[in-house]
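Thanks for coming. I will go through one model today, beginning with a term we need and then moving along the chain.

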Amino acid sequence: MVLAEALGLSAGVSTLGIFDYNRKNFMFDREQRQRQELQVVNFRLEQVDMWREDVRDMIGLTEKRMDVYIFVNALQIGANLALYTEGRLEMGTPQWLIWCYALCLTGSFLFLLMSIWFALHAAV
């Protein structure tokens with residue numbers, strides 16, 4: 001009976017040591033897992049910041065491009081008006097060709113005017 005109690009007592013002591021050893025490993029693993037999860041969250045936050053920066057860059061490029069479009073289209077409208085006022089066709093030109101010429105200039109003027117208008121709205 002004493003032998004059984006001694007064996008039971010030693011088994012209980014060794015069992016406590018095993019559980020204590022496992023607790024240290026468990027706590028170490030939990031700490032490592034928590035650090036990993038926090039690092040994953042930080043990576044995701046950095047990724048979202050990079051996406052936002054990409055969107056800001058794309059919007060900035062669009063604004064710069066619209067400024068260039070406005071300038072170029074203003075020059076083209078100036079050339080269009082010069083053709084419309086000073087670029088008269090010679091006398092004796094058929095009437096249908098004069099109408100086609102006027103229609104093309106008017107269409108290009110309206111197209112360039114709408115282009116400037118849209119570029120102004122996109123640049124704001």
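A disulfide, as I use the word, is a pair of cysteine sulfur atoms within 2.5 Å. By that rule the structure holds zero disulfides. Cys100 is in no disulfide, and its nearest cysteine sulfur, in Cys104, is 6.4 Å away. For Cys104 the closest cysteine sulfur is the one in Cys100, and 6.4 Å is too far for a bond.

Now some housekeeping. This is a predicted model, in which local features need pLDDT of at least 70 and side-chain atom pairs count only at pLDDT 80 or more, while totals for chains, interfaces and linings use all residues. Residues are numbered from 1 along each chain as its sequence is written, and side-chain values use heavy atoms, with hydrogens and water left out.

Next, the overall picture. The protein chain has two helices and zero strands; these are DSSP runs, numbered from the N terminus, with helices being H or I of at least four residues and strands being E of at least two. Helix H1 covers residues 2-86, and helix H2 covers residues 95-123. The 29 residues of H2 should span 42 Å at 1.5 Å a residue, and the end C-alpha atoms are 42 Å apart, which agrees. The expected span here is 1.5 Å times one less than the number of residues.

How much of the chain is buried? Of the 124 residues in the protein chain, 6% are buried. Buried means under 20% relative accessible area, exposed means over 50%, and partly exposed is in between, with a 1.4 Å probe and protein chains only. The chain exposes about 10900 Å², with carbon and sulfur atoms supplying 68% of it. That area comes from the Shrake-Rupley method with a 1.4 Å probe; for residues, only the protein chains shown count as cover.

On to contacts, meaning heavy atoms within 4.5 Å. Among contacts in the protein chain with a separation of 6 or more, 71% are between residues 24 or more positions apart.

Asn80 lies in helix H1 and is buried, at 6% relative accessible area. Leaving aside neighbours within four places in sequence, Asn80 is in contact with Leu105, Ser108, Phe109 and Leu112.

Asn73, also in H1, is buried at 9%. Not counting residues up to four places away in sequence, Asn73 touches Leu112, Ser115 and Ile116. The side chains of Asn73 and Ser115 are joined by a polar contact of 2.5 Å. A polar contact is a pair of N or O atoms within 3.5 Å; within protein, one must be able to donate a hydrogen and the other to accept it, and residues adjacent in sequence count only if both atoms are side-chain atoms.

With residues up to four places away in sequence not counted, Met66 touches Ala119, Ala122 and Ala123. Met66 and Ile116 are 50 residues apart in sequence, and their C-alpha atoms are 8.7 Å apart in space. Over in H2, the buried residues include Leu105, Leu112, Ile116 and Ala119.

Last, the rings. The structure holds one aromatic pair. The ring centres of Trp117 and Phe118 are 5.3 Å apart and the planes are at 20 degrees, so the pair is stacked. Rings of Phe, Tyr and Trp (its six-membered ring) pair if their centres lie within 6.5 Å; planes under 30 degrees apart are stacked, over 60 edge-to-face, and the rest tilted. Trp117 is partly exposed at 48%, and Phe118 is partly exposed at 48%.
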